[in-house]
Amino acid sequence: MVPVTFPERRPTDVPTDEERVDAALRLLTGPPVALDVAVKRLARGSGVYAWWAAPSVLPDLPGPPNDSDPSRRMLYLGRATSLRGRILRNHLRRSGNSTLRRTLAGLLVSEGYRTTWTDRVVLVPADETRLTAWMHDNLRLTWAEDPEPANIEAELVRRLHPPLNVHGVDPEHVQAAVVAAKNAYNASSGPERP
């Protein structure tokens with residue numbers, strides 16, 4: 001008797017990665033929320049998030065327009081194991097743990113943002129506060145919960161080409177100004193030499 005094997009089947013209620021990407025894309029391109037509202041609504045679960053700004057904010061870095069609010073364009077897309085924790089503890093507080101904050105500080109260097117060296121380059125405390133206020137004034141947020149955001153983030157970045165993202169972006173879409181800003185920020189302070 002020959003054993004009968006069945007092809008592996010997926011439960012019908014488990015979405016494919018493509019379905020998850022599409023669902024996240026719908027939420028990410030929905031109406032961007034002001035940060036004071038977003039911080040009250042953010043879930044503690046994992047997911048992806050997108051930062052949006054008016055075209056007059058960083059005008060040399062065009063990003064995809066928002067489907068629900070064409071007066072906003074995407075600047076950055078990220079993932080988090082805790083959306084609330086990532087946004088509140090990293091992106092809205094400390095440059096040492098936020099690629100977004102470091103990049104923004106590098107791009108806004110003409111506004112006099114100052115850095116210092118701890119175990120890495122960070123903004124001085126007064127400028128951490130100033131950057132957070134700038135973000136509240138100029139940026140908006142959307143997000144989508146997802147149990148495995150790492151699986152969908154790369155595809156979202158590949159499709160959308162957010163200008164502040166460098167990793168995972170096709171080389172022809174990497175913005176030279178963003179790379180230069182990151183390098184300038186990282187070179188702005190360093191350990192004291194004996």
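Which residue's side chain meets that of Arg72 in a salt bridge? In this predicted model, local features need pLDDT of at least 70 and side-chain atom pairs count only at pLDDT 80 or more, while totals for chains, interfaces and linings use all residues. Residues are numbered from 1 along each chain as its sequence is written, and side-chain values use heavy atoms, with hydrogens and water left out.

The partner of Arg72 is Asp69, at 4.0 Å from N to O, where a salt bridge denotes a side-chain nitrogen of Lys or Arg within 4 Å of a carboxyl oxygen of Asp or Glu. Arg72 is buried at 17% relative accessibility, whereas Asp69, at 24%, is partly exposed (buried is under 20% relative accessible area, exposed over 50%, and partly exposed in between, with a 1.4 Å probe and protein chains only).

The structure holds twelve salt bridges, among them one between Arg20 and Asp146, at 2.6 Å from N to O. Because Arg20 belongs to helix α1 (residues 17–28) and Asp146 to the loop between β6 (139–145) and α6 (149–160), this pair ties together parts that are 126 residues apart in sequence; helices (H or I, at least four residues) and strands (E, at least two) are DSSP runs numbered from the N terminus. Arg20 is buried, with a relative accessible area of 10%, and Asp146 is buried at 6%.

Ala50, in strand β2 (residues 47–53), is buried at 0% relative accessibility. Neighbours within four places in sequence aside, Ala50 is in contact (heavy atoms within 4.5 Å) with residues including Leu28, Met74 and Arg140.
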